[in-house]
Amino acid sequence: EVLMAKLTKSFTISNEEGEEIEIQLPCKKEVCPECDGEGYVLCEGMRGHAYSAEEFAESFDSEEAEEYFRPGGRYDVQCPECHGKNVVDVVDEEACQCDPQLKEQLAELQEHWARQARYRAEAYERRMGY
């Protein structure tokens, strides 16, 4: 029987008192959501632009169009999320439910992420003058 080592991932988080703590949670591999497992993404300068069919036909010859749609083509860069590995480590929430300590640490991590999201939203609103 082959024994597989449990994958874990370490996180440094700030609790509600602002103290930094390190937690380690079980993780699993999942297809990278950034590149859908391709290992490449469209270069940053082109990612936010949506071409109309007419604009695309005017901007790209047939060779350039083929390269645009080919994974790893000349307009692609290595995925910044998975670094070309096609998969990323994500917290195995199901495994955390089996252990009260891991369950508590998962809740702390989720609260940390929620606080960060609120902070980013508030900072955005301040920049936009809301």
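Leaving aside neighbours within four places in sequence, Leu25 is in contact with Leu7, Thr8, Lys9, Phe11, Val91, Cys96, Leu102, Gln105, Leu106 and Leu109. The model is a predicted one, and in it Leu25 belongs to the largest nonpolar core, a set of 9 residues that also holds Phe11, Ile13, Ile23, Val91, Cys96, Leu102, Leu106 and Leu109. The largest share of this core, 3 residues, is supplied by helix α5.

**The nonpolar cores**
- In soluble globular proteins, nonpolar side chains tend to be buried together.

**Helix α5: span and ends**
- Helix α5 runs through residues 100-128, and its 29 residues reach 42 Å from the first C-alpha to the last, close to the 42 Å expected at 1.5 Å a residue.
- At the start of α5, the backbone nitrogen of Gln101 has a side-chain oxygen of Asp99 within 2.8 Å.
- After α5 comes Gly129, which has a positive phi, near 80°.

**Helix α5: buried residues and their cover**
- The residues of α5 that are buried are Leu102, Gln105, Leu106, Leu109, His112 and Ala123, and of these Leu102, Leu106 and Leu109 are listed in the largest nonpolar core.
- Gln105, which is buried in α5, is also one of the contacts of Leu25.
- The cover over the buried residues of α5 includes the strands β1 (8-14), β2 (20-31) and β5 (87-91), together with helix α4 (93-96).

Key
Residues are numbered from 1 along each chain as its sequence is written. This is a predicted model: local features need pLDDT of at least 70, side-chain atom pairs count only at pLDDT 80 or more; totals for chains, interfaces and linings use all residues. Side-chain values use heavy atoms; hydrogens and water are left out. Helices (H or I, at least four residues) and strands (E, at least two) are DSSP runs, numbered from the N terminus. The expected span of a helix is 1.5 Å times one less than its number of residues. Buried means under 20% relative accessible area, exposed over 50%, partly exposed in between (1.4 Å probe, protein chains only). Contact means heavy atoms within 4.5 Å. A polar contact is a pair of N or O atoms within 3.5 Å; within protein, one must be able to donate a hydrogen and the other to accept it, and residues adjacent in sequence count only if both atoms are side-chain atoms. A nonpolar core is a set of buried Ala, Val, Leu, Ile, Met, Phe, Trp, Tyr and Cys residues joined through side-chain atoms within 4.5 Å.
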